[in-house]
Structure formats: C-alpha cells, structure tokens
Amino acid sequence: MYEWIIIGGGIHGCTIGNYLIKYEKTTIQNLIIIDPHQEPMEKWRAYTDKIGMEYLRSPSVHHIDVPVFSLQNFRNPTDYTAFYGQYKRPSLQLFNEHCEKVLQQAQLKKCWKQGRVIRVYRDLDKWIVQTDDGQSFITKNLVLSVSVNEKLHIPEWAKESSNDVKHIFSEKLLRLSELTPSIVEVVIASLLKLYCWLQDSTQIFQMNHG
Ligand SMILES: Cc1cc2nc3c(=O)[nH]c(=O)nc-3n(C[C@H](O)[C@H](O)[C@H](O)COP(=O)(O)OP(=O)(O)OC[C@H]3O[C@@H](n4cnc5c(N)ncnc54)[C@H](O)[C@@H]3O)c2cc1C
C-alpha cells in the first residue's frame, strides 16, 4: 500500500509530488504518480512547443517548486533573455530547465508509473486505483490532477467549417508555424477586414448624422 497516489503527472501533479517529498510528508517509496506519458509534464511541453511560445504568460513566481523565488534565483535575473517585462515572465527554456532540476532533486521520476487510470473506488479507509493495463494500486491518500487538457472541444459554430478550425489540443495539429495560411496572414487579413468595417461604419454614421 502507498501513502500517496497522484493521478496525472502534469505541472500540478509534479508540483504536489515535489511538495510531498521536499517537506518530508512522504518518501519516494511511498508515492507513485500515474500518467499515460513516458515523462513528467509531457502535455505541457507538447502544447507550448506547438505554439512556439518563447516566454510564459505567467510571472516568475509561478513554477513547480515550493520557495516562491525558486525560479528567479535559478538564473541571474539580470540575464535579459531569461525573464521578460515587469512581471519577469520566464522564458520557456528557463522554465523547463528549472522544472527538470526540481524533478531531479525530488527524484520524482522514480515514482513514475506509466498508465491510464480507468477506475477509482473507496474501500473502507483506502483508495483502490485501477489502470488500463489491469494493475491495481492501493493508497491512503489520492490526488486527482488530470486537468482538461486532453478534452478537445470544437464548439457548434465551428463544426461546419471544421476543416478550417484547428484546435491546439488536436493531435492533427503539429505546430502553429506549419499552418496555411500562416497565423500572421490570418491576423493581417482580420485587421484589414476590421479596418474596412470601421471605415464603412464611420461613413454610415456620418450620413445618418449629417
Ligand atoms: C499553449 C499553452 C500555453 C500555456 N501557457 C501558460 C503559461 O504561460 N502560464 C501558465 O500558468 N499556464 C499556461 N498554460 C496553461 C497550463 O498549461 C495548464 O494550466 C497546466 O498545464 C495544467 O497543468 P495540469 O497538471 O493540471 O494538467 P496537464 O499538464 O494537462 O497534466 C495532466 C496530466 O494528467 C494526465 N491524465 C489525464 N487523464 C488521466 C488518467 N485517467 N489517468 C492518468 N493520467 C491522466 C494527462 O495525460 C496529463 O499528462 C498554457 C496552456 C497551453 C495549452
């Protein structure tokens, strides 16, 4: 029996795992993280790589470690390529390197169990967790950290033109930079349309109001 099982090894699952180990709430032998991917945070890496993101949209105090300035202290903050703007948004490369270091220090990869959880149920004071390869795991404490990042949802209005609508979660979309027309062309075309619409609206307004 384990003390802790974390289902989902993304950013949140790894943050909780690191906290549990770092603050000696449990040991490596008493914790497993169950996730279908080979490595921690694979979804995060895949999606952020897809959009070619250089800097995170979140500030430097958002990271997977416990001390609030862990990421800022990881690299010299005067390194202008490491952080961006007044909120010190970290570069994706720096953020990922920091995650790697935190995962190594906590030895979280030793707790990694590749698989997909298909059933969870309570049996008296324990949780039983079943994976798609037929294994069962028993634990005292259970963390669900599965997010919605696998749930591709195309809204109704977009379904008719589904050939043109690409979802970031779709396996079919490899990288935004490979889109045709390119995302820049789409933005420019939209701005031109908006500009024409504004000009027409201004003319109609002037006609109606002398
Ligand atoms: C392109 C993009 C850019 C982003 N940029 C930022 C940013 O700059 N700053 C920011 O704060 N946030 C950003 N986000 C949001 C951020 O990625 C999410 O908030 C974060 O990844 C959620 O972490 P998570 O651990 O909850 O989920 P995930 O990273 O999705 O991890 C959940 C894990 O659970 C696994 N799982 C699901 N079901 C099961 C199951 N049944 N059994 C076992 N495992 C399962 C999944 O496979 C996955 O590995 C961005 C998101 C995207 C898509």
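How do the residues of the shell around the ligand divide into nonpolar, polar and charged? They split into twelve nonpolar, twelve polar and six charged. Here Ala, Val, Leu, Ile, Met, Phe, Trp, Tyr, Cys and Pro count as nonpolar, Asp, Glu, Lys and Arg as charged, and the others, Gly among them, as polar. Before you zoom in, note that this is a predicted model, where local features need pLDDT of at least 70, side-chain atom pairs count only at pLDDT 80 or more, and totals for chains, interfaces and linings use all residues. Residues are numbered from 1 along each chain as its sequence is written.

**View 1. Around the ligand.** The ligand has 30 residues around it, and the closest are Gly8, Gly10, Leu56, Ser147 and Asn149. (A residue is near a molecule if its C-beta atom, placed from the backbone, lies within 6 Å of it.) Helix H1 (11-22), strand E2 (31-35) and helix H2 (42-50) are the elements that give two or more residues to this shell. H2 supplies the largest share, five residues. (Helices, H or I with at least four residues, and strands, E with at least two, are DSSP runs numbered from the N terminus.)

**View 2. Helix H4 and its buried residues.** The 15 residues of H4 (residues 92-106) should span 21 Å at 1.5 Å a residue, and the end C-alpha atoms are 21 Å apart, so the two agree. (The expected span is 1.5 Å times one less than the number of residues.) Buried here are Leu94, Phe95, His98, Cys99, Val102, Leu103 and Ala106. (Buried means 20 or more other C-beta atoms within 10 Å of a residue's own, with C-beta atoms placed from the backbone.) These buried residues pack against H1, helix H3 (70-74) and strand E4 (89-90).

**View 3. The open sheet.** Six strands line up as E5-E2-E1-E8-E7-E6, with mixed pairing. (Two strands pair if DSSP finds at least two bridges between them.) At the edges sit strand E5 (112-114) and strand E6 (117-123), each pairing on one side only. E2 and E5 run parallel, joined by three bridges; aspartate 35 has glutamine 114 in E5 as its bridge partner.

**View 4. Threonine 139 in E8.** Strand E1 (residues 2-7) pairs with strand E8 (residues 136-144) in the parallel sense over five bridges, and tyrosine 2 stands opposite threonine 139. Strand E7 (residues 126-131) runs antiparallel to E8, with four bridges, and tryptophan 127 also stands opposite threonine 139.

Technical notes: A residue is buried if 20 or more other C-beta atoms lie within 10 Å of its own, exposed if 12 or fewer, and partly exposed in between; C-beta atoms are placed from the backbone. Two residues are in contact if their C-beta atoms, placed from the backbone, lie within 7 Å.
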